[in-house]
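Here is a friendly walk through a chain and the way its parts pack together. Have the model open beside you as you read.

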Amino acid sequence: MSVGTTQPIATVERAANAKTPASGASNLAAGMLWPLLSGAIGLALWEGLVRVFKVPVFILPAPSQVIVTIVEQWWYLLSQLAITTFAAGLGLVMAIVFGLAAGAAITASRLVDRMLTPWLVIAHAVPKVVIAPLFLVWFGFGLQSEMFFVVAFTFFPVIVNTVTGLKSADPEQILMVRAMGATPIQVLRKIQFPSALPSICAGIKLAVTLAPVGAVIGEFVASNKGLGHLLIRAVGDMDTPLAFAAVTVFSIFGVLLWRLAEWGERRVLPWHPSQREAFLRGAGT
């Protein structure tokens, strides 16, 4: 019976392996085709409406005009994007370090939880645009204000997801290793942190996409360079094509950041059920 059952299973596996590349390629093509088609239709409608109704350029430029602006000023746009990325990266690193440390402290101590959590909630509830001028007063004009503005934008998702993940560890495993003499640091490193990795990665993914937004808003108030400053200057000069070009470059950068965060999550959590479909799809292609 074992031979009879093994042969059909092997046949099914060979058939599945033979079909996987084709199905993976078709899924990838379909996943790219529909977004591209939707984008092309939207841009064509935008272009047509602007041309038909003769909308002034300073109100709404056509996509072709935006593309021309990007091509003509691509180096300037990328240089300003690099400045924004640098500020966003520094602030993001600070937010992740602070978020992980605060999340671990809140999880480890009920006293810290009761004392720190209300302040974190209040800090998150305050509208960030309102405190932007205060950051200018506190930290000065330039990179420092941008960095701390990014921290204000991104620390809360990291803390919340860290606390949620650390508290979701198996309590029986924690009790068992404590009974075996494990220290709180060992429990955190060996039990709680590994089980919290999916939740922590989710918080970091949110923070990664919020960090450039925080940097741009900080540049609105406290910088004379970067994409945020470029956008304000372009709007003030009624150079709407340049403003749309800056927004387009920023949007593309945001999508690439999200994809990079997803790639990093797959590298860190290849075993997690949320990554199983992506792993099989990648294996198929």
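## Ground rules

This is a predicted model, in which local features need pLDDT of at least 70 and side-chain atom pairs count only at pLDDT 80 or more, while totals for chains, interfaces and linings use all residues. Residues are numbered from 1 along each chain as its sequence is written, and side-chain values use heavy atoms, with hydrogens and water left out.

## The overall fold

The chain has 11 helices and zero strands, where helices (H or I, at least four residues) and strands (E, at least two) are DSSP runs numbered from the N terminus. Reading along the sequence gives the pattern α-α-α-α-α-α-α-α-α-α-α.

Of the 285 residues, 33% count as buried; here buried means under 20% relative accessible area, exposed means over 50%, and partly exposed lies in between, with a 1.4 Å probe and protein chains only. Among contacts with a separation of 6 or more, 72% are made by residues 24 or more positions apart, a contact being heavy atoms within 4.5 Å.

## Helix 5 and its two partners

Let us start with helix 5 (residues 128-139) and helix 6 (residues 143-167), whose axes come within 9 Å and cross at roughly 145°. Axes are lines fitted to C-alpha atoms, for helices over the stretch in contact, and angles run from 0 to 180 degrees between N-to-C directions. On the helix 5 side, the contact is made by Lys128, Val129, Ile131, Ala132, Phe135, Leu136 and Phe139, and on the helix 6 side by Gln144, Ser145, Phe148, Phe149, Ala152 and Phe153. By class, the residues of this contact are 10 nonpolar, two polar and one charged. For these classes, Ala, Val, Leu, Ile, Met, Phe, Trp, Tyr, Cys and Pro count as nonpolar, Asp, Glu, Lys and Arg as charged, and the others, Gly among them, as polar. The crossing of helix 5 and helix 6 is right-handed; a crossing is called right-handed if the near helix is turned clockwise from the far one by less than a right angle, and left-handed if anticlockwise.

Helix 5 also packs against helix 8 (residues 184-222). Their axes come within 9 Å and cross at roughly 55°, which makes helix 5 oblique to helix 8. In this scheme, angles under 35 degrees count as roughly parallel, over 145 as roughly antiparallel, 65 to 115 as roughly perpendicular and the rest as oblique. The crossing of helix 5 and helix 8 is right-handed. Val129, Ala132, Pro133 and Leu136 of helix 5 meet Ile217, Val221 and Ala222 of helix 8, a set of seven nonpolar, no polar and no charged residues.

## Helix 3 against helix 10

Helix 3 (residues 74-108) and helix 10 (residues 240-268) pack at about 50°, with their axes 11 Å apart. That angle makes helix 3 oblique to helix 10. The crossing of helix 3 and helix 10 is right-handed.

Leu77, Leu81 and Thr85 of helix 3 meet Leu242, Ala245, Ala246, Val249 and Phe253 of helix 10. This contact has seven nonpolar, one polar and no charged residues.

Phe135 sits in helix 5 and counts as buried because its relative accessibility is 8%. Beyond its neighbours within four places in sequence, Phe135 is in contact with Gly140, Ser145, Phe148, Phe149 and Ala152. Phe135 and Glu146 are 11 residues apart in sequence, with their C-alpha atoms 8.5 Å apart.

Thr240 belongs to helix 10 and is buried at 12% relative accessibility. A polar atom of the Thr240 side chain lies 2.6 Å from the backbone oxygen of Phe58. Not counting residues up to four places away, Thr240 touches Val57, Phe58, Ile59 and Pro61. Ser199, in helix 8, is buried with a relative accessible area of 17%; leaving aside neighbours within four places, Ser199 is in contact with Asn161, Thr164 and Gly165.

## Two loop residues with positive phi

Where does Lys54 lie? Lys54 is found in the loop between helix 1 (2-53) and helix 2 (63-72). Its phi is near 50°, a positive value in a residue other than glycine, and Lys54 is exposed, with a relative accessible area of 69%.

Met238 lies in the loop between helix 9 (227-236) and helix 10. Met238 has a positive phi of about 60° although it is not a glycine.

Key. Polar contact = N/O pair within 3.5 Å; in protein donor to acceptor, adjacent residues only side chain to side chain.
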